Amino acid sequence: MKFEKKAVIFDLDGVICFTDKYHYQAWKALADRLGIYFDEKINDRLRGVSRMASLEIILERATETYTEEQKEAFATEKNDTYRDLLKNMSPADLTDEVKDTLNELRNRGYKLSIGSSSKNTKFILGQLGLGDFFDAIADGTDITHSKPDPEVFLKSAAKIGIDPADCAVVEDAKAGIEAAKAGGMTALALFGDAKGCGMEDYDLTSFSDLLNIL
Ligand code: BG6
Ligand code: MG
């Protein structure tokens, strides 16, 4: 199968790099401290959704009710733990497969951009040595609605000046696949709960599989 597209919009966490495992570790530390059950299956529901929406999902299993102020403090605590984990990242955390595939897509003439719900996007891209690589970045600092709302992908497409119908989105989150489809884009699922969710246009076998279909 081949898709005729002009641009590829990438999710960040769990697609370009494996920061999804750091999100999990940081939420797990908070949940354990609060005595709230949390596992990798629940964590799948946090993929693609904002920090506060993620916290609300974790708190579904809490026996106490917390004030908005306490919730803000929990989100900050999680983000501090997460940022500590991110500090150890370096260009070595970018796999050769991702690096080579991105370079080849650029050689083939595609515009390449990011569409991530994360407010840590630019920091992570800097850590990976990709600070200047993408043609545009739309992230958690640009949007009011996180995935499954299409806002972040539509912003990303607008920044590169490409019609949504000419964009393919690569996602590890079901919420991200839903967002891509809501935005009129082609949705490519890689890993996570995106794969096999039923709304995707194509299931990628690996990141480099992009080179077989684009
Ligand atoms: C998404 C992650 O990329 O970013 C979510 O998949 C996360 O799990 C969201 O909650 C927001 O991230 P951050 O870095 O702004 O807390
Ligand atoms: Mg993701």
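Reader: Which side chain has an N or O atom 2.7 Å from an oxygen atom of ligand 1?

Author: That's Asn120. Keep in mind that this is a predicted model.

Reader: What about backbone contacts to ligand 1, which residues make those?

Author: Leu46 has a polar backbone atom 2.8 Å from an oxygen atom of the ligand. Val49 has one too, at 2.7 Å from a ligand oxygen.

Reader: And how many residues surround ligand 1?

Author: There are 15 around it, and the closest are Asp13, Arg51, Ser118, Lys119 and Asn120.

Reader: OK, switching to helices. At what angle do H1 and H4 cross?

Author: Roughly 140°, with the axes of H1 (residues 20-34) and H4 (residues 68-86) coming within 9 Å. Angles over 145 degrees would count as roughly antiparallel, so this pair is oblique.

Reader: Left-handed or right-handed?

Author: The H1 and H4 crossing is right-handed. On the H1 side the contact includes Tyr22, Trp27 and Leu30, and on the H4 side Phe74, Tyr82 and Leu85 are among the residues involved.

Reader: How do the residues of that contact divide by class?

Author: Between H1 and H4 you get 9 nonpolar, 3 polar and 3 charged.

Reader: Now H4 and H6, how are they arranged, parallel or perpendicular?

Author: Their axes cross at roughly 15° and come within 11 Å, H6 being residues 121-128. The two helices are therefore roughly parallel, and their crossing is left-handed.

Reader: Which residues meet there?

Author: Tyr82, Arg83 and Leu86 from H4 meet Phe123, Ile124 and Gln127 from H6. By class that's 4 nonpolar, 1 polar and 1 charged.

Definitions and conventions:
Residues numbered from 1 in each chain as written. Chains lettered and ligands numbered in written order. Predicted model: local features only at pLDDT ≥ 70, side-chain atom pairs only at ≥ 80, totals over all residues. Heavy atoms only, no water. Axes fitted to C-alpha atoms, helices over the stretch in contact; angles between N-to-C directions. Helix = DSSP H or I, 4+ residues; strand = E, 2+ residues; numbered from the N terminus. Parallel < 35°, antiparallel > 145°, perpendicular 65-115°, else oblique. Left-handed = near helix turned anticlockwise from the far one by under 90°. Contact = heavy atoms within 4.5 Å. Nonpolar A, V, L, I, M, F, W, Y, C, P; charged D, E, K, R; others polar. Near = heavy atom within 4 Å. Polar contact = N/O pair within 3.5 Å; in protein donor to acceptor, adjacent residues only side chain to side chain.
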